[in-house]
Amino acid sequence: MHGFANPKRFLALASWLTPLLLVSGLLLTAIALVWGLFYVPPDRLMGETVRILFIHVPAAWLGMGGWTAIAISSLVFLVWKHPLAGLAARAAAVPGLVFTAICLVTGSIWGRPTWGTWWVWDGRLTSMLVLLFLYFGYIALSQAVAREGGSSRIPAIFGLVGAINIPIINRSVVWWNSLHQPPSITMGNSSIDTEFLVPLAVSVIGFSLLFGGVVLARMRALLAEIQTEARLRRKADGGA
Amino acid sequence: MRENLPQWDFVIASYVIGIAAIVALVIWSWQAMRRAEKRRDDVRRK
């Protein structure tokens with residue numbers, strides 16, 4: 001793993017992997033959404049609104065997956081001082097925030113015809129909203145640290161501490177009464193019919209590829225900014 | 001009592017918002033990457 005701590009080696013890999021992930025992700029996501037929109041039958045209970053599943057569920061998983069990536073990268077950065085791990089954590093924050101926001105908005109839209117309300121302050125919805133605020137906090141903190149030249153350990157510790165919310169989100173529908181349904185997919189088990197499960201799997205893979213592509217693009221952008229600033233600083237020091 | 005809401009309106013709203021956000025995210029991250037790498041290469045050449 002430490003082999004990829006070398007920015008040159010990382011860039012050699014990311015230069016072809018970034019467009020590949022983005023293009024294949026866009027393609028698979030488009031296939032899954034067209035499939036979900038036009039070829040999946042309406043659900044017996046939820047009717048046509050079941051189609052929101054193919055956007056809402058992958059977005060929810062990636063919202064949580066984004067913070068899990070931040071926590072793991074932060075741990076790697078703090079323990080092994082892997083130079084690209086800190087960048088990976090920062091790079092996962094914006095896509096994680098966007099997918100969490102998509103999850104909350106589409107969930108609210110889905111709730112109105114299904115539950116009769118746009119929002120309830122139950123465990124699942126509230127903990128997901130807390131995740132959105134954690135993303136805002138993490139982005140603000142890491143930008144402030146980058147701008148003011150503070151220790152990169154501060155956002156990394158914040159990323160680790162914030163991970164406590166992930167199991168809370170996951171178990172919220174089991175621990176507390178909720179309008180939200182209990183988990184439909186658990187390890188090796190699913191209560192979802194194959195007609196819905198297959199396009200959902202395609203959608204999850206497509207969204208995940210897109211997430212990976214965006215994270216790599218963000219890492220490349222952050223790395224380029226650091227390299228530019230370092231070069232400009234060296235020039236200024238040499239000229240002084 | 002069950003409200004008789006136009007279900008497709010909710011489906012379309014979700015898809016429009018979701019797709020628009022994802023497309024905007026991909027375009028923004030790609031352009032930011034290209035801009036940052038171009039600036040780095042320009043500084044290296046100078």
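1. **What you are looking at.** Before anything else, keep in mind that this is a predicted model. Chain A has 240 residues, and 41% of them count as buried. Chain B has 46 residues, with 24% of them buried.

2. **Chain A from end to end.** How many helices and strands does chain A have? There are 7 helices and 2 strands. The C-alpha trace of chain A spans about 75 × 35 × 30 Å along its principal axes.

3. **Chain B.** This one is quick to describe, with 1 helix and 0 strands. That helix covers residues 7-45 of chain B. The C-alpha trace of chain B spans about 70 × 15 × 5 Å along its principal axes.

4. B:Trp28 sits in helix 1 of chain B. Is B:Trp28 exposed, partly exposed or buried? It counts as partly exposed, because it has 15 C-beta neighbours inside 10 Å, and being buried would take 20 or more. For a sense of distance along the chain, pick out B:Ala13 too: B:Trp28 and B:Ala13 are 15 residues apart in sequence, and their C-alpha atoms are 22 Å apart in space.

5. **Where the chains touch.** On the chain A side, 33 residues are in contact with 25 residues of chain B. Which helices of chain A each supply at least two residues to that side? They are helix 1 (7-39), helix 2 (53-80), helix 3 (83-115) and helix 7 (194-239). Helix 7 of chain A gives the most, with 12 residues. Sorted by class, the side of chain A that touches chain B has 20 nonpolar, 6 polar and 7 charged residues.

6. **Helix 2 against helix 3.** Now turn to a pair of helices inside chain A. The axes of helix 2 and helix 3 of chain A come within 7 Å and cross at roughly 155 degrees. Angles over 145 degrees count as roughly antiparallel, and therefore helix 2 and helix 3 of chain A are roughly antiparallel to each other. The crossing of helix 2 of chain A past helix 3 of chain A is left-handed. The contact of these two helices has 19 nonpolar and 10 polar residues, and no charged ones.

7. **The loop in that pair.** Between helix 2 and helix 3 of chain A there is a loop, and A:Lys81 is found in it. Check the backbone here: phi of A:Lys81 is near 55 degrees, a positive value in a residue other than glycine. A:Lys81 counts as exposed because it has 12 C-beta neighbours inside 10 Å.

8. **Helix 5 and its buried face.** Which residues of helix 5 of chain A (residues 153-162) are buried? They are A:Pro155, A:Ala156, A:Gly159 and A:Gly162. Looking down the axis of helix 5 of chain A, you would see these buried residues fall within an arc of 130 degrees, so they line one face of the helix. The buried residues of helix 5 of chain A pack against helix 2, helix 3, helix 4 (123-148) and helix 6 (165-175) of chain A.

9. **Helix 4 against helix 5.** Here the axes of the two chain A helices come within 9 Å and cross at roughly 165 degrees, so helix 4 and helix 5 of chain A are roughly antiparallel to each other. Helix 4 of chain A passes helix 5 of chain A in a left-handed crossing. Residues making the contact include A:Leu134, A:Tyr138 and A:Leu141 of helix 4 of chain A, and A:Ile154, A:Phe158 and A:Gly159 of helix 5 of chain A. By class, this contact has 7 nonpolar, 3 polar and no charged residues.

10. A:Thr126 lies in helix 4 of chain A. A:Thr126 is partly exposed, because 17 other C-beta atoms lie within 10 Å. Then find A:Ile169: A:Thr126 and A:Ile169 are 43 residues apart along the chain, while their C-alpha atoms are separated by 8.7 Å.

Conventions:
Residues are numbered from 1 along each chain as its sequence is written. Chains are lettered from A and ligands numbered from 1 in the order in which they are written. This is a predicted model: local features need pLDDT of at least 70, side-chain atom pairs count only at pLDDT 80 or more; totals for chains, interfaces and linings use all residues. Two residues are in contact if their C-beta atoms, placed from the backbone, lie within 7 Å. Helices (H or I, at least four residues) and strands (E, at least two) are DSSP runs, numbered from the N terminus. Ala, Val, Leu, Ile, Met, Phe, Trp, Tyr, Cys and Pro count as nonpolar, Asp, Glu, Lys and Arg as charged, and the others, Gly among them, as polar. Axes are lines fitted to C-alpha atoms, for helices over the stretch in contact, and angles run from 0 to 180 degrees between N-to-C directions. Angles under 35 degrees count as roughly parallel, over 145 as roughly antiparallel, 65 to 115 as roughly perpendicular and the rest as oblique. A crossing is left-handed if the near helix is turned anticlockwise from the far one by less than a right angle, and right-handed if clockwise. The arc is that of the directions from the helix axis to the C-beta atoms.
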